[in-house]
Amino acid sequence: MLDYSCVDNESIFRRYDIESENTNLPANIIARMLPESMLLKEVAASVVHLRFKSVGPAVMRALQMRLSAEDVINDGLVKGMEIVSYLYSHGLYYLPEVMMAAKTMEIGIAIAEKQMPGKRCTKGIVVMHSAEGDPHDIGKNIAAVMLRSAGYTIVDLGKDVPVEDVVKTVKRIGPVMVTGTALMTTTMSAFPKAAEKLHEAGVDIPYMVAGGAVNREFAESFDGGIYSRKALQTPPLVEKARAGYDWRRIRKEWDEITREVS
(Lines give C-alpha, C1' and ligand atoms only; values in the text may rest on other atoms or scores of the structure.)
Protein backbone atom coordinates (compact mmCIF):
# COMPACT_ATOMS: atom_id res chain seq x y z
CA MET A 1 0.00 0.00 0.00
CA LEU A 2 1.32 3.45 -0.90
CA ASP A 3 2.35 5.80 1.89
CA TYR A 4 0.75 9.26 1.37
CA SER A 5 1.94 10.72 4.65
CA CYS A 6 4.64 12.79 2.97
CA VAL A 7 2.34 14.29 0.33
CA ASP A 8 1.73 18.06 0.69
CA ASN A 9 -2.00 18.23 0.07
CA GLU A 10 -2.02 22.03 0.28
CA SER A 11 0.08 22.33 -2.87
CA ILE A 12 -2.24 19.92 -4.70
CA PHE A 13 -5.57 21.39 -3.64
CA ARG A 14 -4.51 25.03 -3.55
CA ARG A 15 -7.32 27.33 -4.75
CA TYR A 16 -5.50 30.04 -6.68
CA ASP A 17 -8.82 31.57 -7.74
CA ILE A 18 -9.81 32.15 -4.12
CA GLU A 19 -6.36 33.51 -3.29
CA SER A 20 -6.68 35.96 -6.17
CA GLU A 21 -10.11 37.06 -4.98
CA ASN A 22 -8.77 37.64 -1.48
CA THR A 23 -5.85 39.65 -2.82
CA ASN A 24 -8.25 41.90 -4.68
CA LEU A 25 -10.58 42.54 -1.76
CA PRO A 26 -10.84 46.29 -1.03
CA ALA A 27 -9.44 45.85 2.49
CA ASN A 28 -6.35 44.06 1.16
CA ILE A 29 -5.79 46.59 -1.61
CA ILE A 30 -6.02 49.43 0.89
CA ALA A 31 -3.61 47.70 3.28
CA ARG A 32 -1.05 47.29 0.47
CA MET A 33 -1.30 50.89 -0.70
CA LEU A 34 -1.36 52.77 2.62
CA PRO A 35 1.88 54.58 3.64
CA GLU A 36 4.32 52.72 5.89
CA SER A 37 4.55 55.56 8.42
CA MET A 38 1.92 55.01 11.10
CA LEU A 39 1.17 58.73 11.28
CA LEU A 40 0.72 59.10 7.54
CA LYS A 41 -1.15 55.79 7.40
CA GLU A 42 -3.69 57.20 9.87
CA VAL A 43 -4.08 60.34 7.76
CA ALA A 44 -4.48 58.43 4.50
CA ALA A 45 -6.87 55.92 6.07
CA SER A 46 -9.12 58.77 7.21
CA VAL A 47 -9.55 59.76 3.57
CA VAL A 48 -9.96 56.22 2.26
CA HIS A 49 -12.57 55.34 4.89
CA LEU A 50 -14.39 58.70 4.56
CA ARG A 51 -13.80 59.67 8.20
CA PHE A 52 -14.75 63.35 8.34
CA LYS A 53 -14.36 63.55 12.12
CA SER A 54 -11.03 61.74 12.42
CA VAL A 55 -9.07 63.37 9.60
CA GLY A 56 -8.48 66.60 11.56
CA PRO A 57 -7.07 64.90 14.67
CA ALA A 58 -4.98 62.58 12.46
CA VAL A 59 -3.47 65.55 10.62
CA MET A 60 -2.79 67.41 13.87
CA ARG A 61 -1.03 64.37 15.40
CA ALA A 62 1.21 64.10 12.35
CA LEU A 63 2.04 67.81 12.51
CA GLN A 64 2.71 67.66 16.26
CA MET A 65 5.21 64.86 15.60
CA ARG A 66 7.08 67.33 13.40
CA LEU A 67 6.05 66.00 10.02
CA SER A 68 5.94 68.88 7.56
CA ALA A 69 2.56 70.13 6.39
CA GLU A 70 3.62 69.44 2.80
CA ASP A 71 4.44 65.80 3.61
CA VAL A 72 1.15 65.37 5.46
CA ILE A 73 -0.69 66.69 2.42
CA ASN A 74 1.23 64.88 -0.31
CA ASP A 75 2.15 61.61 1.42
CA GLY A 76 -0.95 61.31 3.60
CA LEU A 77 -4.03 63.09 2.30
CA VAL A 78 -3.24 62.91 -1.40
CA LYS A 79 -2.04 59.33 -1.04
CA GLY A 80 -5.39 58.46 0.49
CA MET A 81 -7.15 60.04 -2.47
CA GLU A 82 -4.94 58.08 -4.86
CA ILE A 83 -6.12 54.88 -3.20
CA VAL A 84 -9.72 56.02 -3.56
CA SER A 85 -9.09 56.73 -7.25
CA TYR A 86 -7.67 53.25 -7.70
CA LEU A 87 -10.68 51.66 -6.01
CA TYR A 88 -13.01 53.75 -8.15
CA SER A 89 -11.25 52.76 -11.37
CA HIS A 90 -11.67 49.08 -10.45
CA GLY A 91 -15.36 49.38 -9.65
CA LEU A 92 -14.87 48.96 -5.90
CA TYR A 93 -15.80 52.54 -4.98
CA TYR A 94 -18.53 54.63 -6.59
CA LEU A 95 -19.24 58.31 -7.09
CA PRO A 96 -20.60 58.99 -3.56
CA GLU A 97 -17.45 57.51 -2.00
CA VAL A 98 -15.21 59.54 -4.31
CA MET A 99 -16.97 62.81 -3.46
CA MET A 100 -16.98 62.07 0.28
CA ALA A 101 -13.30 61.16 0.20
CA ALA A 102 -12.55 64.40 -1.64
CA LYS A 103 -14.38 66.38 1.04
CA THR A 104 -12.43 64.54 3.75
CA MET A 105 -9.17 65.31 1.97
CA GLU A 106 -10.10 68.99 1.66
CA ILE A 107 -10.78 69.21 5.41
CA GLY A 108 -7.34 67.80 6.11
CA ILE A 109 -5.62 70.04 3.58
CA ALA A 110 -7.24 73.15 5.09
CA ILE A 111 -5.85 72.22 8.51
CA ALA A 112 -2.36 71.39 7.21
CA GLU A 113 -2.15 74.55 5.08
CA LYS A 114 -2.57 76.70 8.20
CA GLN A 115 0.78 75.36 9.38
CA MET A 116 2.57 76.31 6.18
CA PRO A 117 4.61 79.54 6.08
CA GLY A 118 3.25 80.40 2.64
CA LYS A 119 0.51 79.18 0.35
CA ARG A 120 0.67 75.63 -0.93
CA CYS A 121 2.35 75.53 -4.32
CA THR A 122 0.13 74.63 -7.23
CA LYS A 123 1.27 72.78 -10.32
CA GLY A 124 -0.91 74.96 -12.50
CA ILE A 125 -4.46 76.02 -13.27
CA VAL A 126 -7.02 74.02 -15.24
CA VAL A 127 -10.29 75.58 -16.43
CA MET A 128 -13.16 73.07 -16.44
CA HIS A 129 -16.75 73.25 -17.66
CA SER A 130 -19.68 71.35 -19.10
CA ALA A 131 -20.73 72.34 -22.62
CA GLU A 132 -23.23 75.09 -23.31
CA GLY A 133 -26.71 73.59 -23.11
CA ASP A 134 -25.51 70.51 -21.19
CA PRO A 135 -26.76 70.15 -17.58
CA HIS A 136 -24.59 67.11 -16.77
CA ASP A 137 -21.43 67.57 -14.72
CA ILE A 138 -20.75 64.35 -12.79
CA GLY A 139 -17.79 63.35 -14.97
CA LYS A 140 -16.35 66.85 -14.73
CA ASN A 141 -16.67 66.81 -10.95
CA ILE A 142 -14.85 63.50 -10.65
CA ALA A 143 -12.03 64.70 -12.92
CA ALA A 144 -11.79 67.89 -10.85
CA VAL A 145 -11.30 65.80 -7.70
CA MET A 146 -8.52 63.85 -9.40
CA LEU A 147 -6.77 67.03 -10.53
CA ARG A 148 -7.05 68.75 -7.14
CA SER A 149 -5.55 65.71 -5.44
CA ALA A 150 -2.74 65.80 -8.02
CA GLY A 151 -1.88 69.36 -6.97
CA TYR A 152 -3.68 71.50 -9.55
CA THR A 153 -5.87 74.54 -8.98
CA ILE A 154 -9.26 74.15 -10.62
CA VAL A 155 -11.38 76.97 -12.01
CA ASP A 156 -14.74 75.24 -12.33
CA LEU A 157 -17.17 77.21 -14.47
CA GLY A 158 -19.96 74.70 -13.79
CA LYS A 159 -22.44 73.29 -16.27
CA ASP A 160 -24.21 74.75 -19.32
CA VAL A 161 -21.41 77.28 -19.78
CA PRO A 162 -21.67 79.65 -22.77
CA VAL A 163 -18.83 79.46 -25.27
CA GLU A 164 -18.00 83.13 -24.75
CA ASP A 165 -17.59 82.61 -21.00
CA VAL A 166 -15.15 79.76 -21.57
CA VAL A 167 -13.10 81.83 -24.00
CA LYS A 168 -13.03 84.91 -21.74
CA THR A 169 -11.96 82.88 -18.70
CA VAL A 170 -9.19 81.03 -20.52
CA LYS A 171 -7.83 84.27 -22.02
CA ARG A 172 -7.91 85.98 -18.62
CA ILE A 173 -6.37 83.19 -16.53
CA GLY A 174 -3.98 81.47 -18.93
CA PRO A 175 -4.39 77.88 -17.69
CA VAL A 176 -2.31 74.83 -18.47
CA MET A 177 -5.34 73.25 -20.10
CA VAL A 178 -9.08 73.75 -20.60
CA THR A 179 -11.46 70.80 -20.34
CA GLY A 180 -15.06 70.38 -21.41
CA THR A 181 -17.57 67.57 -20.91
CA ALA A 182 -20.72 66.76 -22.86
CA LEU A 183 -23.23 63.99 -22.31
CA MET A 184 -25.54 65.15 -25.10
CA THR A 185 -24.67 65.03 -28.80
CA THR A 186 -26.62 68.26 -29.27
CA THR A 187 -24.17 70.16 -27.06
CA MET A 188 -20.75 68.85 -28.06
CA SER A 189 -20.54 71.26 -31.00
CA ALA A 190 -19.73 73.97 -28.44
CA PHE A 191 -16.19 72.61 -28.10
CA PRO A 192 -14.89 73.26 -31.64
CA LYS A 193 -16.54 76.69 -31.53
CA ALA A 194 -14.72 77.61 -28.32
CA ALA A 195 -11.46 76.10 -29.59
CA GLU A 196 -11.68 78.13 -32.81
CA LYS A 197 -12.23 81.36 -30.88
CA LEU A 198 -9.26 80.58 -28.64
CA HIS A 199 -7.12 79.83 -31.69
CA GLU A 200 -8.14 83.16 -33.23
CA ALA A 201 -7.07 84.86 -29.98
CA GLY A 202 -3.66 83.20 -30.16
CA VAL A 203 -4.34 80.69 -27.36
CA ASP A 204 -2.92 77.32 -28.38
CA ILE A 205 -3.31 75.22 -25.21
CA PRO A 206 -4.81 71.70 -25.31
CA TYR A 207 -8.61 71.60 -25.16
CA MET A 208 -9.53 68.29 -23.54
CA VAL A 209 -13.03 67.00 -24.21
CA ALA A 210 -14.79 64.11 -22.50
CA GLY A 211 -18.19 62.66 -21.71
CA GLY A 212 -20.60 60.15 -23.20
CA ALA A 213 -21.33 62.24 -26.29
CA VAL A 214 -17.74 62.49 -27.52
CA ASN A 215 -15.02 60.13 -28.66
CA ARG A 216 -11.41 60.39 -29.69
CA GLU A 217 -12.23 60.88 -33.37
CA PHE A 218 -14.41 63.89 -32.55
CA ALA A 219 -11.85 65.33 -30.13
CA GLU A 220 -9.17 65.23 -32.81
CA SER A 221 -11.41 66.70 -35.52
CA PHE A 222 -10.64 70.29 -34.49
CA ASP A 223 -7.42 72.13 -33.69
CA GLY A 224 -6.48 71.93 -30.02
CA GLY A 225 -8.78 69.03 -29.22
CA ILE A 226 -7.58 66.02 -27.25
CA TYR A 227 -9.62 63.22 -25.70
CA SER A 228 -10.08 61.83 -22.20
CA ARG A 229 -12.07 58.60 -22.12
CA LYS A 230 -12.47 58.62 -18.33
CA ALA A 231 -11.69 60.84 -15.37
CA LEU A 232 -8.54 58.96 -14.36
CA GLN A 233 -6.90 59.79 -17.69
CA THR A 234 -7.18 63.51 -17.04
CA PRO A 235 -4.25 63.99 -14.58
CA PRO A 236 -1.60 62.24 -16.73
CA LEU A 237 -2.72 64.20 -19.79
CA VAL A 238 -2.59 67.49 -17.88
CA GLU A 239 0.85 66.53 -16.57
CA LYS A 240 2.10 66.31 -20.15
CA ALA A 241 0.65 69.73 -20.96
CA ARG A 242 2.40 71.11 -17.88
CA ALA A 243 5.63 69.49 -19.09
CA GLY A 244 5.38 71.45 -22.33
CA TYR A 245 3.64 69.01 -24.65
CA ASP A 246 1.40 70.77 -27.15
CA TRP A 247 -1.89 69.23 -28.27
CA ARG A 248 -0.29 67.75 -31.37
CA ARG A 249 2.27 65.78 -29.36
CA ILE A 250 -0.34 64.68 -26.82
CA ARG A 251 -2.46 63.30 -29.66
CA LYS A 252 0.53 61.48 -31.09
CA GLU A 253 1.49 59.91 -27.74
CA TRP A 254 -2.04 59.54 -26.34
CA ASP A 255 -1.99 55.74 -26.20
CA GLU A 256 1.29 55.69 -24.33
CA ILE A 257 0.27 58.48 -21.93
CA THR A 258 -3.03 56.85 -20.99
CA ARG A 259 -1.93 53.20 -21.07
CA GLU A 260 -1.72 52.74 -17.29
CA VAL A 261 -5.21 54.12 -16.71
CA SER A 262 -6.98 52.83 -19.81
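This is a predicted model: local features need pLDDT of at least 70, side-chain atom pairs count only at pLDDT 80 or more; totals for chains, interfaces and linings use all residues.
Reader: Which residues of H9 are buried?
Author: In H9 (residues 163-173) they are Val-163, Val-166, Val-167, Thr-169 and Val-170. Each has under 20% relative accessible area, the cut-off for buried; exposed is over 50%, and partly exposed lies in between (1.4 Å probe, protein chains only).

Reader: How do you know that the buried residues of H9 line one face?
Author: Look down the axis of H9. The buried residues fall within an arc of 165°, so they line one face. The arc uses the directions from the helix axis to the C-beta atoms. On the other side, Lys-168, Lys-171 and Arg-172 are exposed.

Reader: What do the buried residues of H9 pack against?
Author: They pack against E1, strand E2 (153-156), E3, helix H10 (190-200) and E4. A contact here means heavy atoms within 4.5 Å.

Reader: What makes the length of H7 agree with that of a helix at 1.5 Å a residue?
Author: H7 (residues 95-113) has 19 residues, which should span 27 Å. The expected span is 1.5 Å times one less than the number of residues. The end C-alpha atoms of H7 are 27 Å apart, so the two values agree.

Reader: Which residues of H7 are buried, and why are they said to line one face?
Author: They are Val-98, Ala-101, Ala-102, Thr-104, Met-105, Gly-108, Ile-109 and Ala-112. Down the axis of H7 they stay within an arc of 165°, so one face holds them. An α-helix has 3.6 residues a turn, so residues three or four places apart point the same way. The buried residues of H7 pack against helix H4 (38-48), helix H5 (52-64), H6 and H8.

Reader: What lines the largest pocket?
Author: The lining has 24 residues; Val-78, Glu-82, Met-146, Ser-149 and Ala-150 lie nearest the centre. H6 (69-89) and H8 (138-149) each supply at least two residues. H6 gives the most, with 8.

Reader: What volume does the second largest pocket have, and which residues are closest to its centre?
Author: Its volume is about 310 Å³. Of 22 lining residues, Gly-139, Lys-140, Thr-181, Ala-210 and Gly-211 are closest to the centre. H8 gives the most to this lining, with 4 residues. A pocket is an open set of points on a 1 Å grid over the protein atoms alone, where a 1.4 Å probe fits, with protein on both sides within 12 Å along at least five of seven lines; lining residues have an atom within 4 Å of a point. Points join across faces, edges and corners, and the volume is the space filled by probe spheres set on them.

Notes:
Residues are numbered from 1 along each chain as its sequence is written. Side-chain values use heavy atoms; hydrogens and water are left out.
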